[in-house]
Amino acid sequence: MEDGFSSFWGPVTSTDRCEKNYVHSSYIAEFFNTISNIPGILFALIGLINALRQRFEKRFSVLHISNMILSIGSMLYHATLQRVQQQGDETPMVWEMLLYFYILYSPDWHYRSTMPTFLFFYGVGFAIAHALIRFEIGFKVHYIILCLLCIPRMYKYYIYTKDNYAKRLAKLYIATLFLGSICWLMDQVLCKEISHWYFNPQGHALWHVFMSFNSYFANTFLMFCRAEQRRWDPKIVHFFGVFPYVKIQKPKSQ
């Protein structure tokens, strides 16, 4: 508890981040780490609407919904700082990476039922293990490995994509990932130092914001690449000249 506020959720049972607890509200443990997930929900909603309107494959709708679930789970975790809610944040992180893996590699997979079946049971097995065993470092290493497995395929999509606007999305994806990682490391490594600053930069909250943009850029880029594979003549257009999304022309072939 901080500054005289009482805790609504009880003792902290999860990993406690750098932000001071219950400073702004007795109902929200980490205020900025909680509200910084709102952009992730909004961007995922925009992506979902576009995927449905353009009639993309259901996997992309599921991907945007998983982004929303992840952001909501992160909000509950940082608002309560309870172990169950932390699992509700971390388990969807792994599920989302498995979904990215499926979207990236499934177009060239010859046995269509093998990959989704394996990934499904892998996700279920991880959820059970994560509920029974608390392994913080192991979770981070596991998550990083899943991310690294997706990079070669993302790079292949990048080098085969000729559209400059799509390539720009991929570069924005890398830039936001880099900036977000710096904010996350700053929050992890320099917590004691920055907590005494007059203006606390809230590194973990900034990580959430950058990753909200990062997920949207990644999803939009993947939607564009998939539309190219289907020969749908996609284009990256910008809402009000700023916000990018995929626009499908009349399909060339079914």
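# Reading pockets, cavities and helices

Modeller: The residues that line the largest pocket divide into 25 nonpolar, 15 polar and five charged, where Ala, Val, Leu, Ile, Met, Phe, Trp, Tyr, Cys and Pro count as nonpolar, Asp, Glu, Lys and Arg as charged, and the others, Gly among them, as polar. This is a predicted model, in which local features need pLDDT of at least 70 and side-chain atom pairs count only at pLDDT 80 or more, while totals for chains, interfaces and linings use all residues. Residues are numbered from 1 along each chain as its sequence is written, and side-chain values use heavy atoms, with hydrogens and water left out.

Colleague: How is a pocket read, and how much space lies in the largest pocket?

Modeller: On a 1 Å grid over the protein atoms alone, a pocket is an open set of points with protein on both sides within 12 Å along at least five of seven lines, a cavity is a set where a 1.4 Å probe fits but cannot get out, and lining residues have an atom within 4 Å of a point. Points are joined across faces, edges and corners, and a volume is the space filled by probe spheres set on them. In this model about 1,100 Å³ of space lies in the largest pocket, and of the 45 residues that line it, Met93, Tyr143, Cys147, Trp207 and Met211 are the closest to its centre.

Colleague: Which elements give two or more residues to that lining?

Modeller: Helices are DSSP runs of H or I with at least four residues, strands are runs of E with at least two, and both are numbered from the N terminus. For the largest pocket the contributors of two or more residues are helix H2 (38–53), H3, H4, H6, H7 and H9, and H9 gives the largest share of the lining, eleven residues.

Colleague: Which residues does the UniProt annotation "binding site" cover?

Modeller: UniProt positions are given in the numbering used here, with shortened feature names, and annotations may be inferred rather than shown by experiment. The unreviewed UniProt entry places "binding site" on His78, His204 and His208. These residues are spread over 131 residues of sequence, yet they cluster in space, with a largest C-alpha distance of 11.4 Å. The lining of the largest pocket includes His78, His204 and His208, and His204 is found in helix H9.

Colleague: What volume does the second largest pocket have, and which residues lie nearest its centre?

Modeller: The second largest pocket has a volume of about 410 Å³. Its lining holds 16 residues, of which Val62, Trp95, Leu98, Leu99 and Phe120 lie nearest the centre. H3, H4 and helix H5 (114–132) are the elements that give two or more residues to this lining, and the largest share, six residues, comes from H4. By class, the lining of the second largest pocket has twelve nonpolar, two polar and two charged residues.

Colleague: How many cavities of 30 Å³ or more are there, and what lines them?

Modeller: The count comes to two cavities of 30 Å³ or more. About 80 Å³ of space lies in the largest cavity, which is lined by Arg83, Gln86, Gln87, Glu90, His130, Ile133, Arg134, Phe135 and Glu136. Helix H4 (residues 83–105) supplies the largest share of that lining, four residues, and by class the lining has two nonpolar, three polar and four charged residues. The second largest cavity holds about 40 Å³ and is lined by Phe60, Ile103, Pro107, Tyr157, Leu222, Cys225, Arg226 and Gln229. Here helix H9 (residues 203–229) gives the most, with four residues, and the lining divides into six nonpolar, one polar and one charged.

Colleague: At what angle do the axes of H3 and H4 cross?

Modeller: Axes are lines fitted to C-alpha atoms, for helices over the stretch in contact, and angles run from 0 to 180 degrees between N-to-C directions. The axes of helix H3 (residues 58–80) and H4 come within 8 Å and cross at roughly 160 degrees. That makes H3 roughly antiparallel to H4, because angles over 145 degrees count as roughly antiparallel, those under 35 as roughly parallel, 65 to 115 as roughly perpendicular and the rest as oblique. The contact of H3 with H4 has 13 nonpolar, eight polar and three charged residues.
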